[in-house]
Protein chains: 2
Amino acid sequence: MNHKIYFTPGPSQIYYTVSDHLKSAVKEDVMCISHRSAAFQKIFESTRLSLRELLEIPDGYEIYFTSSANEVWERIIQNLVIDSSHHFTNGSFAKKFHQFALSYQKNSTSTLVDDGQDFTDLSVPEKAELISVTLNETSIGFGFDMEKLKELRASYPDKLIALDGVSAFPAVKVDWQLVDTAYFSVQKCFGLPAGLGVWIVNQRCMEKYDQVKKAGIVTGSYHDLTDLKSNGDKNQTPETPNILGIYLLGKVCQDMLFRGAKMIQNDTIYKSTILYQALEQNPKFNPFIANKKIRSKTVIVSECEGGNAGIVKLLGDKGFVIGKGYGSFKDSHIRIANFPVHSKEQIEMICDLIAAY
Amino acid sequence: MNHKIYFTPGPSQIYYTVSDHLKSAVKEDVMCISHRSAAFQKIFESTRLSLRELLEIPDGYEIYFTSSANEVWERIIQNLVIDSSHHFTNGSFAKKFHQFALSYQKNSTSTLVDDGQDFTDLSVPEKAELISVTLNETSIGFGFDMEKLKELRASYPDKLIALDGVSAFPAVKVDWQLVDTAYFSVQKCFGLPAGLGVWIVNQRCMEKYDQVKKAGIVTGSYHDLTDLKSNGDKNQTPETPNILGIYLLGKVCQDMLFRGAKMIQNDTIYKSTILYQALEQNPKFNPFIANKKIRSKTVIVSECEGGNAGIVKLLGDKGFVIGKGYGSFKDSHIRIANFPVHSKEQIEMICDLIAAY
């Protein structure tokens with residue numbers, strides 16, 4: 001194999017149409033146009049529409065662009081929390097969001113589970129104004145159980161629910177009725193160059209924002225929700241944004257719509273199923289999440305007997321670049337991304353190599 | 001002319017090597033690699049080194065990446081100001097930075113001048129911890145007088161000086177002895193796609209940051225100065241950054257180094273001189289800034305008799321896309337960018353068209 005294919009959990013392999021879209025971007029002067037021009041407004045509007053269709057985002061939810069999911073964490077804390085948020089912490093990224101809240105001197109709390117274990121206690125402190133749930137914890141391959149999200153919504157109808165959709169959207173379907181705000185970055189399932197975050201908020205968030213503002217709390221500056229909204233209503237952004245990123249996102253959404261969200265989601269399930277099977281059938285591997293209900297469908301994580309060096313090298317020699325473990329699991333885990341760009345044929349080849357290892 | 005050339009004040013024409021660098025980025029998997037990989041660290045280090053050489057940034061100053069200059073405004077206020085900053089406000093962008101400080105509930109002040117007039121009063125309130133100066137006010141083409149920056153440094157040696165280098169660096173030379181922190185976005189003189197800001201800070205800023213931290217003030221989260229530094233020291237970033245943007249910036253810096261910063265700066269002076277001459281010699285135009293000492297060399301702004309529609313169309317028909325006025329000057333001003341990508345030949349053609357108008 002001459003060229004590498006990235007199965008790293010993000011940044012990952014770019015979607016196969018991206019290089020063509022880059023050529024079009026050059027031809028269409030996408031990198032030259034003003035962010036106050038009609039040409040930009042058209043791009044902004046088109047990307048929003050395609051994204052709304054692909055993710056089936058209902059009316060009443062607005063879409064805004066940030067520079068990363070990290071930035072969205074910060075903006076959620078600044079704009080939607082007066083005193084406290086509660087974080088269901090199933091891995092390093094969920095934990096990081098909680099730490100962001102503490103950095104902003106909020107009295108935020110978290111429910112921690114041992115690595116790879118499911119949440120049994122779904123209680124949330126009364127003081128928490130917002131509940132944070134990480135749909136797909138990229139660090140250990142933990143997929144939050146949608147039934148539990150339903151329970152949370154039913155138990156705490158007055159609290160906002162924030163869903164981290166990083167490395168899940170659009171490969172995992174979401175019930176928007178359970179969510180007030182959600183966000184993701186584009187270098188995961190969308191197969192796009194990093195540097196763009198997407199933040200989705202509903203009307204309840206806007207009302208909560210008004211309360212935060214009334215409480216005299218600093219809500220930020222250019223990416224404060226009113227600035228995002230007043231500009232967004234004109235198909236613009238407060239600052240000069242990553243125009244190329246917004247353009248590419250719109251184009252890839254259109255490509256994915258052509259394939260169909262349902263098809264992408266079904267393929268994701270099929271590919272994850274055969275990957276977990278291959279890992280389970282070889283005694284040298286052990287999927288890190290034992291409970292199948294909470295296994296991620298997009299980031300497959302496994303323990304490796306004697307460390308990951310051997311399998312990383314074997315796959316690497318064939319051109320398949322997979323991820324090592326996160327943090328303390330660096331040398332003991334492998335993480336294999338199963339994103340829309342990754343074809344069934346490629347995943348089947350990886351399964352064969354795992355079986356023969 | 002088949003194709004447009006953008007003389008808008010940013011985003012503007014992309015540097016002529018950018019499309020080739022984009023092809024290399026695809027070939028080299030720049031959009032696929034992990035931001036924690038050695039490959040990314042190499043890109044990060046190389047871009048920093050090239051930028052340091054091009055801008056002649058001395059030791060003791062660190063370079064960090066943000067998503068925009070707007071973000072740097074916010075980070076400066078969060079990280080370097082306890083109670084008050086003072087803003088020399090020579091146009092809309094300088095004013096916006098002051099507003100950011102007010103959004104963060106600082107007791108910040110500003111010295112306002114009438115549009116196009118120079119500052120005569122250089123006094124700064126005692127309480128101000130940081131002085132903000134906009135080197136090139138993109139809205140009206142105001143170039144801050146470097147002699148005045150010297151005076152400010154001499155009068156207030158204990159205050160930090162923040163220099164807005166947007167649409168100036170690297171076409172305008174800077175004396176780093178006069179500056180503690182500086183910043184710019186890449187879609188102006190660097191001719192790059194928007195979505196990347198560069199923040200330069202010296203050791204005095206790090207000391208000030210420690211004081212802000214000690215005062216119990218929220219300094220942000222992932223783009224807090226300690227996070228930027230601890231990651232930067234490893235040639236990394238706290239979040240998954242705009243990797244493609246950092247790569248392209250490094251490549252274009254190298255291209256500009258090949259041409260030479262001195263040559264770029266001299267060409268900028270020559271091109272701005274002939275542009276102002278052409279405008280002065282045609283009675284239908286009147287450079288907005290009368291005082292030659294404070295005329296921007298990179299964004300040439302002129303009033304137009306009877307409005308800008310005629311000249312915008314004439315130049316547009318020839319393929320030269322120029323900027324309209326900013327804000328209330330939308331229909332009465334033209335703004336012509338004079339960035340490193342804009343050749344002497346192109347500027348001479350624009351001068352001829354202005355002369356014949």
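Strands S2(A) and S10(A) run antiparallel and are joined by 6 bridges. Two strands count as paired if DSSP finds at least two bridges between them. Helices (H or I, at least four residues) and strands (E, at least two) are DSSP runs, numbered from the N terminus. Tyr64(A) has Trp199(A) as its bridge partner in S10(A).

This is a predicted model, in which local features need pLDDT of at least 70, side-chain atom pairs count only at pLDDT 80 or more, and totals for chains, interfaces and linings use all residues. Residues are numbered from 1 along each chain as its sequence is written, while chains are lettered from A and ligands numbered from 1 in the order in which they are written.

**The sheet around S10(A)**

S10(A) also pairs with strand S9 (residues 181-185) of chain A, in the antiparallel sense, over 5 bridges. Here Ala182(A) has Ile200(A) as its bridge partner in S10(A). Strand S10 (residues 197-202) of chain A is largely enclosed by the rest of the structure, because 6 of its 6 residues are buried. A residue is buried if 20 or more other C-beta atoms lie within 10 Å of its own, exposed if 12 or fewer, and partly exposed in between; C-beta atoms are placed from the backbone. Gly197(A), Trp199(A) and Val201(A) point one way from S10(A). Val198(A), Ile200(A) and Asn202(A) point the other way.

These strands belong to an open sheet of 7 strands in chain A, ordered S2-S10-S9-S8-S5-S3-S4, with mixed pairing. Strand S2 (61-66) and strand S4 (109-112) of chain A stand at the edges; each has a single partner strand, so one side of each is left without a neighbour in the sheet. Neighbouring strands are turned by 20° against each other on average, direction ignored. Axes are lines fitted to C-alpha atoms, for helices over the stretch in contact, and angles run from 0 to 180 degrees between N-to-C directions. Strand S5 (residues 130-134) and strand S8 (residues 160-164) of chain A run parallel, joined by 5 bridges. Ser132(A) has Ala162(A) as its bridge partner in S8(A).

S11(A) pairs with strand S12 (residues 299-304) of chain A in the antiparallel sense over 3 bridges. Pro287(A) stands opposite Ser302(A) in S12(A).

**Chain A overall**

Chain A holds 11 helices and 14 strands. Of its 357 residues, 54% count as buried. The C-alpha atoms fill a box of roughly 60 × 55 × 30 Å, taken along the principal axes.

**Between the chains**

The contact takes 40 residues from chain B and 41 residues from chain A. Residues are in contact if their C-beta atoms, placed from the backbone, lie within 7 Å. On the side of chain B that touches chain A, the elements giving two or more residues are H1, helix H3 (69-80), helix H4 (92-103) and H8 of chain B. That side divides into 18 nonpolar, 18 polar and 4 charged residues. Ala, Val, Leu, Ile, Met, Phe, Trp, Tyr, Cys and Pro count as nonpolar, Asp, Glu, Lys and Arg as charged, and the others, Gly among them, as polar.

The axes of helix H1 (residues 18-27) of chain A and helix H1 (residues 18-27) of chain B come within 11 Å and cross at roughly 175°. Ser19(A), Leu22(A) and Val26(A) meet Ser19(B), Leu22(B) and Val26(B) there.

**Two loop residues of chain B**

Thr240(B) lies in the loop between helix H7 (225-232) and helix H8 (243-259) of chain B. Beyond its neighbours within four places in sequence, Thr240(B) contacts residues including Pro11(A), Ser68(A) and His35(B). Ala128(B) lies in the loop between strand S4 (109-112) and strand S5 (130-134) of chain B.

| Residue | Other C-beta atoms within 10 Å | C-alpha to C-alpha distance |
|---|---|---|
| Thr240(B) | 24 | 8.3 Å to Ser34(B) |
| Ala128(B) | 21 | 7.9 Å to Thr109(B) |

Note on methods. Two residues are in contact if their C-beta atoms, placed from the backbone, lie within 7 Å.
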